[in-house]
Amino acid sequence: KKIIFGKLDEIQQSVKRMEDGQAGPDYRDRMRELRSEAERLRAELLRDLEQLETHLMSNEIQLQLALDEAITDFDIQMGDTTKFMLEGADQFFRHLEMLEKNFSAAVAEGAQSEMEQFGASGSAVDLTDFDAKKAAFLSNREEMMTAIQNFFEAHTNLITSKDDSMQAEVKQWKNTFFNDHRERQYKRNRERIHEIKELVEEARTEIKESKVGFTGDSDDEEGNGD
């Protein structure tokens, strides 16, 4: 582009010298040659500009495809990693549920033993030897077993809730992370394409406006319909 614009400047200087009377008697023929050369150079610049635009667009498309492929590959890798993490978390929570089940069974068994002992000796033992609240609970088997069952269910629901929450947060993080990356790359791609089109259009306008002044040749221009 610099070389061709340099040639256009040289043509412009030649025209100026001719208009200043520094050229020979073949003024009109030389002006036609200069006009033809200038048009040829402009056409060459426009062709090069079209090729440059095609090349830049092709590179941008290839870059976007490569980025999409890289993001997808990383997404798959992270999918395997998060799957492994969630499987480990699932094993942890299942083990925790088993511990809770054993703990609740032990509590129920201990309470059952206490209530049987209290029921067998309650009439023969002075109740003042027992804590008042303990005596109230041990004397009501149904209420005691209901309280133990509610205690067990509350713990089980808490464990299940934590498990579901962790599963959801990991999946949401992964989806958000890669969706944000894809959105940023899409915006970058759109901005880059817009930038290329703007630069090419500015260069095209500059080339078309690089007219060489051919004053003094109006008769020839009218004859050619320019």
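This is a predicted model: local features need pLDDT of at least 70, side-chain atom pairs count only at pLDDT 80 or more; totals for chains, interfaces and linings use all residues.
Select Thr-82 to start: its side chain reaches the backbone oxygen of Gly-79 at 3.0 Å.

Residues are numbered from 1 along each chain as its sequence is written, and side-chain values use heavy atoms, with hydrogens and water left out.

Stay on Thr-82 and colour its helix, H2, residues 27-121. Helices here are DSSP runs of H or I with at least four residues, numbered from the N terminus. Is Thr-82 buried or exposed? Thr-82 has a relative accessible area of 7%, so it counts as buried; the cut-offs are under 20% for buried, over 50% for exposed and partly exposed in between, using a 1.4 Å probe and protein chains only. Now show Val-170 and Lys-174: Thr-82 touches both, leaving aside residues up to four places away in sequence. Contact means heavy atoms within 4.5 Å.

Next, the charged pairs. A salt bridge is a side-chain nitrogen of Lys or Arg within 4 Å of a carboxyl oxygen of Asp or Glu, and the count by this rule is 11.

Select Arg-40 and Glu-44, whose closest N and O atoms are 3.3 Å apart in a salt bridge. Both sit in helix H2, four residues apart, or about one turn of the helix. Arg-40 is partly exposed at 39% relative accessible area, and Glu-44 is partly exposed too, at 25%.

Jump to Arg-204 and Glu-53, a salt bridge with its closest N and O atoms 3.6 Å apart. Here the partners come from distant parts of the chain, Arg-204 in helix H4 (residues 141-208) and Glu-53 in helix H2, 151 residues apart. Both Arg-204 and Glu-53 are buried.

Then pick Arg-182 and Asp-75, another salt bridge, at 3.3 Å between the closest N and O atoms. Arg-182 is in helix H4 and Asp-75 in helix H2, so this pair ties together parts 107 residues apart in sequence. Arg-182 is partly exposed at 29%, whereas Asp-75 is buried at 15%.

Last stop: select Asp-90, Arg-94, Glu-97 and Asp-163, which salt bridges with shared partners join into one network.

Technical notes. Helices (H or I, at least four residues) and strands (E, at least two) are DSSP runs, numbered from the N terminus. A polar contact is a pair of N or O atoms within 3.5 Å; within protein, one must be able to donate a hydrogen and the other to accept it, and residues adjacent in sequence count only if both atoms are side-chain atoms.
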